[in-house]
Amino acid sequence: MSRSCLAVILAAGDSTRMKSSMSKVLHKVAGRPMIAHVMAAVASTGVSDAALVVGRDAEAVVKAGSLDGVSVEAFQQTERLGTGHAVLAAKDAIARGYDDILVAYGDVPLVTPAPFAAAREKLAQGADVVVIGFHTDNPNGYGRLLVEDGELIAIREEKDATDEERRITWCNSGLMAIDGRKALSLLERIRNDNAKGEYYLTDIVEIARAAGGRVMVVDAPETEVAGCNNRAELAVLERHWQERRRQELMLSGVTMIAPETVFLSYDTEIAQDAVIEPNVFFGPHVTVESGAVIHSFSHIEGAHIGADAEIGPFARLRPGAKLLVHAKVGNFCEVKNSEIGEGAKVNHLTYIGDSFVGPRANIGAGTITCNYDGVNKHVTRIGANSFIGSNSSLVAPVSIGDGAYIASGSVITEDVPADALALGRARQEVKPERAKVIRERALAFKAAKKAGK
Ligand code: UD1
Ligand code: MG
């Protein structure tokens, strides 16, 4: 769409019911602040400029709401005098003159671009105000959409509504689109002569109609425009977000055996034919390629899992873990900031940090890369086709050459050339009959003690 657009996002609420030391819109759904979800949805409809109306934590809210490709400007609303007043806090931005103004709340993280795009489409067709509405079985607390002859004539706030109006189940989501050329003159006519003594943005419907303008409604599903007032509602939003994203992934070809136990982040990408077993957690910035299998109880963040790779059960992949094709990270292993080469195996009880593991290397059980000296991190390089015996410590910085063998239980502090065998442990000694002598001495000691000597 070539029309210019400003999104005005209201985020100046006190969030008292969140009982939080930070602004409500900074609380996360799917690992991302709610404000960023909203910004992403409006940005998807081609919005280039956003005005964030903020109260507390202004700096943090702007930071969280700043997305690539959108320029964000903050406007402080010092007194909280209602939604109409809040939009006017961004007066200087609106006055710059846009074709479209979108109004959204910062606490509706499940909103999709669809209703915004539909509302802007109506503006392009000549509407002055487009209200985004929804149908609900429980309209309590919402503004009701009053319709006459098929046209929206007003939005009635709960506190100002008659009993009959309260029975209406078609409600105002609070999201709206306004003709940018007329927005300021309409907004400035809003008064506060109502039950709450607030400047209601919703009065714009009657004001626009009185001025001969066209007002329209587009609908959105109730769950998508739901806001959040407390932590219990935050958890409900999280649940709905997770359900929606799991569904999308499954329909795109991802197998989830027990989807309700898989937790995704806002940017989790999983390709077709990947299999996710029950109880897997994806933190931010994870990509999973096709055919990969994630076994149960794995915790993954900031990681890339290559095609046909296999991880878990009980694997932990931390930021910077990169598994190439057919790599395997098995149970009770932790991988951080490391590349695991094609077909390499890290099967049991191992820590790999700041390392490069070559293709087809086999890392034995209990191997530890000692990457940290208490001050600095150091790199371990493990060559292709090498074999690291169980319970070895590789003290970084250190390199193991291609095809090298490390004997079990070694502590490796020096580089090992390709195809060499390195042993870094005490040589075994065997003392015939010695165990028997020790045992007999112990039994004699016990007998003497019992006899009271
Ligand atoms: C508003 C709508 C109502 C709608 C409902 C949907 C009005 C008058 N009413 O009611 O029709 O059904 O949302 O949830 O618009 N805010 C500010 N500054 C203010 C006031 C509000 O930034 O001075 C922000 C709040 O942080 C919040 C949003 O605007 O994100 C809505 O304010 P709220 O007080 O929750 O409005 P409701 O009474 O719920
Ligand atoms: Mg509200």
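**A parallel sheet and its surroundings**

Modeller: Eight strands form an open sheet with parallel pairing, in the order 14-17-20-23-26-29-32-35. Here strands are DSSP runs of E with at least two residues, helices are runs of H or I with at least four residues, and both are numbered from the N terminus. Two strands pair if DSSP finds at least two bridges between them. The edges of this sheet are strand 14 (269-270) and strand 35 (398-400); each has a single partner strand, so one side of each is left without a neighbour in the sheet. Within the sheet, strand 26 (residues 339-340) pairs with strand 29 (residues 355-357) in the parallel sense, over two bridges. In this pair, Ile340 stands opposite Val357 of strand 29.

The model is predicted: local features need pLDDT of at least 70, side-chain atom pairs count only at pLDDT 80 or more, and totals for chains, interfaces and linings use all residues. Residues are numbered from 1 along each chain as its sequence is written, chains are lettered from A and ligands numbered from 1 in the order in which they are written, and side-chain values use heavy atoms, with hydrogens and water left out.

There is also an open sheet of ten strands, again with parallel pairing, in the order 12-15-18-21-24-27-30-33-36-38. Strand 12 (255-256) and strand 38 (421-422) stand at its edges, each with a single partner strand, so one side of each has no neighbour in the sheet. Strand 27 (residues 345-348) and strand 30 (residues 362-363) pair in the parallel sense over two bridges, and Lys345 stands opposite Asn362 in strand 30.

Ser408 is partly exposed, with a relative accessible area of 37% (buried is under 20%, exposed over 50%, and partly exposed in between, with a 1.4 Å probe and protein chains only). Apart from neighbours within four places in sequence, Ser408 is in contact with Gly389, Ser390, Ser392 and Arg425, where contact means heavy atoms within 4.5 Å. The C-alpha atoms of Ser408 and Glu148 are separated by 83 Å.

As for the whole, the protein chain has ten helices and 38 strands. Its radius of gyration is 31 Å, well over the 22 Å that the globule rule gives for 453 residues, so the chain is more spread out than a compact globule. This radius is taken over C-alpha atoms, and the rule is 2.2 Å times the number of residues to the power 0.38.
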